Amino acid sequence: LKMIKEKAYAKLNLSLKILGKRKDGFHELESVMVPINLYDELYFEENNSNEMILIDNTIEDNSILKAAKLFQETYKTKGATIRLNKRIPLEAGLAGGSADSSATLRGLNRPFKLKKSLKELEELALKLGSDNVFCLYNHAAICRGRGELLEFIEDDFKFKILLIKPKFGLSTKDVFSHVNSFSKSGSEEIIYSIINHDYQTLDEKICNDLYFPATLVKPELATLVSNISKCNLNVHMSGSGTTLFLLRTNK
């Protein structure tokens with residue numbers, strides 16, 4: 001049986017605006033997200049059982065099994081054996097779990113030859129998490145609603161980034177629990193600078209409404225940002241943290 005490889009790409013938030021609280025308990029977001037060239041590798045192989053088996057399973061990898069079982073229940077497939085080569089750090093604001101579970105949907109689509117389109121897989125992706133629809137496509141987008149409403153933007157822009165991941169992580173749930181104010185404006189300036197390949201403006205305008213709540217949970221994050229900023233560098237945070245990044249153009 002042929003083993004199939006699928007890459008699960010991490011994402012960065014170039015903008016993360018919290019516009020309000022929804023009736024369903026989620027926050028209303030507007031975020032500009034881009035995939036980056038950091039990825040986990042997943043390997044899929046059909047097996048002779050009716051079980052979805054994850055080799056080297058840990059608690060953190062349950063998102064993969066959850067996605068696999070949802071896929072199996074929805075499309076009535078046989079079992080598969082999945083192996084994971086983990087590179088994206090956990091609790092880092094890089095959507096590692098979402099990337100893995102979305103890659104699982106794409107990966108299982110292939111050995112069973114179901115030929116489901118990404119559009120068809122969206123419904124399953126949304127059941128798994130707010131970042132999953134974006135991670136299904138791996139294409140730069142403005143993400144609205146919970147993060148599931150995508151408006152794709154050109155992705156031929158290129159820039160270099162330096163990721164800085166401290167040893168400590170952050171729970172997305174903990175960070176959102178400290179959100180008590182909302183943005184009055186969207187991400188228009190950031191979108192405009194991306195479309196025009198104006199990386200200098202982009203570097204100045206990158207924003208993340210979760211940064212202050214994140215520092216309330218982990219004050220040492222603010223200390224790290226302060227120390228980096230003393231070097232006259234614009235340092236940014238992705239998602240709910242704790243990954244920080246520096247943007248550099250390729251010129």
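User: What is a disulfide, and how many does this structure have?

Analyst: A disulfide is a pair of cysteine sulfur atoms within 2.5 Å, and by this rule the count here comes to zero. The sulfur of Cys135 is 9.0 Å from the closest cysteine sulfur, in Cys143, which is too far for a bond. Cys207 is in no disulfide either, for the nearest cysteine sulfur, that of Cys143, is 14 Å away. Please keep in mind that this is a predicted model, in which local features need pLDDT of at least 70 and side-chain atom pairs count only at pLDDT 80 or more, while totals for chains, interfaces and linings use all residues. Residues are numbered from 1 along each chain as its sequence is written, and side-chain values use heavy atoms, with hydrogens and water left out.

User: Is Cys135 buried or exposed?

Analyst: Buried means under 20% relative accessible area, exposed over 50%, and partly exposed in between, with a 1.4 Å probe and protein chains only; at 1% relative accessibility, Cys135 counts as buried.

User: Which residues are buried in helix 6?

Analyst: Helices (H or I, at least four residues) and strands (E, at least two) are DSSP runs, numbered from the N terminus. An α-helix has 3.6 residues a turn, so residues three or four places apart point the same way. In helix 6, which spans residues 188–195, the buried residues are Ile190, Ile191, Ser193 and Ile194. They cover an arc of only 165° around the axis, which puts them on the same side of helix 6; the arc is that of the directions from the helix axis to the C-beta atoms. On the other side of helix 6, Glu188 and Tyr192 are exposed.
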